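Hi there,

Here is the structure I promised to pass on. Have a look at it first, and my notes on what turned up follow below.

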Amino acid sequence: MKFFKPTDPLPTLGRLEKVAKENGALILEGWVVSFESKPLETIQVYIAAKDVTNFELASTLPSPDIKKNYPNIPGADKARYRIKIPLTPQQQQQLKNSLVVVTPLFQGQAGGIMTNVLESSIPTPSQEYIKFVGGHFSDVAFDFLSYFIQRVGLEPGDKVLDVGCGVGRLAYSLAYYLSPQGGYEGFDIAEKLIKWAESEISSRFPNFNFQVVNIYNQMYNPEGKIQSLDFVFPHPDKSFELVFLTSVFTHLRAKEVRHYLDEIARVLKPGGRCLCTCFLLNPESEAAIAKGRGAHKIAHPLEECYTSNLQMPEAAIGYKESLLLGWMRERSLSVVGKYYGQWCARNKFTSYQDFLVLQKN
Ligand SMILES: C[S@@+](CC[C@H](N)C(=O)[O-])C[C@H]1O[C@@H](n2cnc3c(N)ncnc32)[C@H](O)[C@@H]1O
């Protein structure tokens with residue numbers, strides 16, 4: 001079942017923050033804004049891949065918290081929505097673990113979809129593990145699931161590879177989208193995180209597999225014995241419809257990135273896609289860094305890349321956009337989507353880091 005043709009939505013920002021049962025109804029709460037100040041017309045709702053039409057929608061509700069976080073986005077002060085869906089007693093029993101997908105419509109055009117799950121059976125990891133992978137968990141998990149569905153065209157029966165999967169943050173949301181015909185493979189260099197993911201995710205979703213590889217990384221695994229340049233992904237050629245790396249190229253050196261791109265091109269099926277986040281250095285981001293805007297001063301040169309910290313270069317690594325895109329082109333990976341991020345204090349953005357969608361020719 002395919003929810004959406006991959007398309008570029010209108011530039012919007014939002015989340016579906018809450019999905020809960022209350023007094024015999026399903027309550028969906030979140031917020032959404034259009035960067036182009038378009039008025040929200042309505043919201044489409046899918047639950048467990050079914051269209052839902054019987055609901056009450058309240059929108060443009062006050063949102064001082066969103067305004068505080070995003071003071072420059074028009075309409076951020078009235079961005080909240082609340083949807084109330086009556087449930088039959090049978091639905092109240094059945095809907096646990098259901099994926100909810102909402103699409104905001106602005107003058108008939110779709111904005112970015114927002115996803116979440118009702119009563120997730122997978123628990124969230126400890127704060128220590130969440131901090132290890134960047135400090136956020138389910139909001140990032142569902143943001144990226146939404147990008148996979150809408151911008152990459154991921155289908156439930158697809159096979160996906162999560163390179164540098166950490167604690168399985170993205171597996172957490174994908175588990176509610178991929179069907180038993182689809183499958184998830186993830187590997188990482190942090191053993192304790194992989195153990196958690198195996199015991200909490202693979203135990204519930206047997207088509208989700210995690211592997212640990214003892215690769216050296218100064219920041220994440222300083223005791224590692226294997227060099228990433230010597231590591232061959234443990235998968236046959238042409239195995240996956242999607243390979244993704246969230247916040248991984250932002251911690252790898254140039255030679256490692258090129259080697260991983262070789263491996264990604266090898267394991268992708270023809271026409272398969274790769275989503276990778278990165279810090280792209282171009283005139284706009286470089287000017288922002290030079291003015292001290294944004295959290296990462298990725299300005300210290302280091303063998304074909306730039307870092308924010310010469311003592312711990314892996315803390316945040318950025319690449320000249322033209323150089324990185326050239327490496328991708330050389331491996332028959334065409335850029336089919338480019339989404340700039342908020343990291344360098346942009347006023348209009350999609351996610352925090354930049355991300356690219358590549359297609360294997
Ligand atoms: C910021 S975390 C992101 C984790 C995960 N992708 C996510 O979004 O939750 C970066 C991850 O990259 C992993 N990592 C670092 N070097 C790696 C390498 N050479 N191969 C695979 N994973 C690596 C780290 O162990 C860490 O889990």
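Helix H4 is mostly covered, with 13 of its 15 residues buried. Please keep in mind as you read on that this is a predicted model. H4 takes in residues 138–152, and its first and last C-alpha atoms lie 20 Å apart, close to the 21 Å expected at 1.5 Å a residue. Just after H4 comes glycine 153, which has a positive phi of about 85°.

Helix H7 (residues 254–267) is another one to look up. Its 14 residues reach 20 Å from first C-alpha to last, close to the expected 20 Å. Which residues of H7 are buried? They are Glu256, Val257, Tyr260, Leu261, Ile264, Ala265 and Val267. As a reminder, an α-helix has 3.6 residues a turn, so residues three or four places apart point the same way. The buried residues of H7 pack against strands S10 (159–163), S13 (240–245), S14 (268–278), S19 (333–339) and S20 (354–360), as well as helix H9 (321–330).

S10 deserves a stop of its own. Five of its five residues are buried. Lys159, Leu161 and Val163 point one way from the strand, Val160 and Asp162 point the other way, and all are buried. S10 pairs with strand S11 (residues 183–188) in the parallel sense, over five bridges. Within that pairing, valine 160 has tyrosine 184 of S11 as its bridge partner.

Now to the ligand. Its surroundings comprise 21 residues, and the closest are Gly164, Gly166, Arg169, Tyr220 and Thr246. By class, this shell holds ten nonpolar, eight polar and three charged residues.

On the overall layout, the domain assignment gives domain 1 as 12–117 and domain 2 as 127–360. Taken over C-alpha atoms, the centres of the two domains are separated by 28 Å. Where they meet, eleven residues of domain 1 are in contact with eleven residues of domain 2. Strand S9 (residues 114–117) gives the most to the domain 1 side of this contact, with four residues. That side of domain 1 divides into five nonpolar, five polar and one charged residue.

There is also an open sheet of four strands, in the order S15-S18-S17-S16, with mixed pairing. Strand S15 (280–281) and strand S16 (300–302) stand at the edges with a single partner strand each, so one side of each has no neighbour in the sheet. S16 runs antiparallel to strand S17 (residues 305–307), and three bridges join them. In this pair, proline 301 has tyrosine 306 of S17 as its bridge partner. The loop between S16 and S17 holds glutamate 304.

Most residues other than glycine have a negative phi. Glutamate 304, however, has a positive phi near 70°. Is glutamate 304 buried or partly exposed? Glutamate 304 counts as partly exposed, because 15 other C-beta atoms lie within 10 Å, and a residue needs 20 or more to be buried. Threonine 60, in strand S5 (residues 56–61), also has a positive phi, near 45°. Threonine 60 is partly exposed too, because it has 13 C-beta neighbours inside 10 Å.

How values were computed
Residues numbered from 1 in each chain as written. Predicted model: local features only at pLDDT ≥ 70, side-chain atom pairs only at ≥ 80, totals over all residues. Helix = DSSP H or I, 4+ residues; strand = E, 2+ residues; numbered from the N terminus. Expected span 1.5 Å × (residues − 1). Buried ≥ 20, exposed ≤ 12 C-beta atoms within 10 Å, placed from the backbone. Domains from an automatic or database assignment. Contact = placed C-beta atoms within 7 Å. Nonpolar A, V, L, I, M, F, W, Y, C, P; charged D, E, K, R; others polar. Near = placed C-beta within 6 Å. Pairing = 2+ DSSP bridges.
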